[in-house]
Every structure is written in C-alpha cells, then in structure tokens.
Amino acid sequence: MRYVKHRITQQPDTWLTFAAECMTCDWKAKSSTDGAPVDVECMTHTGRTGHATFRRSCTSLALVERAE
C-alpha cells in the first residue's frame with residue numbers, strides 16, 4: 001500500500017449553484033448561478049409572509065485528481 005497525493009478542485013466548465021428554502025414553510029427560491037436573485041427572492045418572501053429564517057446553500061461539482 002502506498003500514499004498517493006490527490007487534489008480537489010471545481011469541475012471545469014461548471015458553475016456554482018445558489019439555492020434557498022424557508023425554514024417556516026415549504027417555500028423554495030428558484031436556484032441560480034448568481035446568489036443575488038436568490039437573496040432578493042428570500043427578502044420578497046419575508047415581506048409577503050413575515051418568515052425570516054432561510055437555509056441557503058451554494059453547491060459546486062467537485063473533481064478529485066491525482067496530484068503528480
């Protein structure tokens with residue numbers, strides 16, 4: 001058995017995806033490659049419902065390769 005170094009990077013030609021969901025109801029923001037519209041949707045939801053707590057996520061596709 002031997003140790004092989006690896007590195008993890010973002011998969012080329014992919015983008016980050018931003019999403020959010022209300023922690024009070026079943027509402028979810030439309031996912032986007034830009035976080036600002038998701039935040040605006042959350043603030044709009046708060047204005048309409050008074051719900052103020054959201055789970056926000058930022059997702060990327062990872063690639064693990066041998067580091068040689």
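Tutor: Glu-21 and Arg-55 form a salt bridge, with 3.9 Å between their closest N and O atoms. The pair ties together parts 34 residues apart in sequence, since Glu-21 lies in strand β2 (residues 17-22) and Arg-55 in strand β3 (residues 54-59). A salt bridge here is a side-chain nitrogen of Lys or Arg within 4 Å of a carboxyl oxygen of Asp or Glu. Helices (H or I, at least four residues) and strands (E, at least two) are DSSP runs, numbered from the N terminus.

This is a predicted model, so local features need pLDDT of at least 70 and side-chain atom pairs count only at pLDDT 80 or more, while totals for chains, interfaces and linings use all residues. Residues are numbered from 1 along each chain as its sequence is written, and side-chain values use heavy atoms, leaving out hydrogens and water.

Both partners are partly exposed: Glu-21 has a relative accessible area of 27%, and Arg-55 has 46%. Buried means under 20% relative accessible area, exposed over 50%, and partly exposed in between (1.4 Å probe, protein chains only).

The structure holds three salt bridges. Side chains of opposite charge can pair when their charged atoms come close.

Take Glu-65 and Arg-7 next. Their closest N and O atoms are 3.7 Å apart, in another salt bridge. This one links distant parts of the chain, 58 residues apart: Glu-65 sits in strand β4 (residues 62-66) and Arg-7 in strand β1 (residues 6-10). Glu-65 is partly exposed at 32% relative accessibility. Arg-7 is partly exposed too, at 41%.

Then there is Arg-56 with Asp-39. Their side chains meet in a salt bridge at 2.8 Å, N to O. Arg-56 is in strand β3 and Asp-39 in helix α1 (residues 35-49), so parts 17 residues apart in sequence are tied together. Arg-56 is exposed, with a relative accessible area of 57%. Asp-39 counts as partly exposed, at 27%.

α1 has 15 residues and reaches 21 Å from its first C-alpha to its last, close to the expected 21 Å at 1.5 Å a residue. The expected span is 1.5 Å times one less than the number of residues. Gly-35, Val-38, Cys-42 and His-45 are buried in α1. They lie on the same side of the helix, because they cover an arc of only 80° around the axis. The arc is that of the directions from the helix axis to the C-beta atoms. These buried residues pack against β2 and β3. On the other side, Met-43, Gly-47 and Arg-48 are exposed.

Now the helix ends. At the start of α1, a side-chain oxygen of Asp-34 comes to within 3.2 Å of the backbone nitrogen of Ala-36. Just after α1, Gly-50 takes a positive phi of about 85°.

Next comes His-51, in the loop between α1 and β3. His-51 is buried, at 19% relative accessible area. Its side chain makes a polar contact with that of His-45, at 3.3 Å. A polar contact is a pair of N or O atoms within 3.5 Å; within protein, one must be able to donate a hydrogen and the other to accept it, and residues adjacent in sequence count only if both atoms are side-chain atoms. Setting aside neighbours within four places in sequence, His-51 is in contact (heavy atoms within 4.5 Å) with Cys-22, Thr-24, Cys-25, His-45 and Thr-46.

Last, the cysteines. A search of the whole structure finds zero disulfides. Cys-42 is in none; the nearest cysteine sulfur is that of Cys-22, 8.4 Å away. The cut-off for a disulfide is a pair of cysteine sulfur atoms within 2.5 Å. Cys-42 is buried, at 6% relative accessibility. For Cys-58, the closest cysteine sulfur is in Cys-42, 14 Å away and too far for a bond. Cys-58 is partly exposed, with a relative accessible area of 45%.
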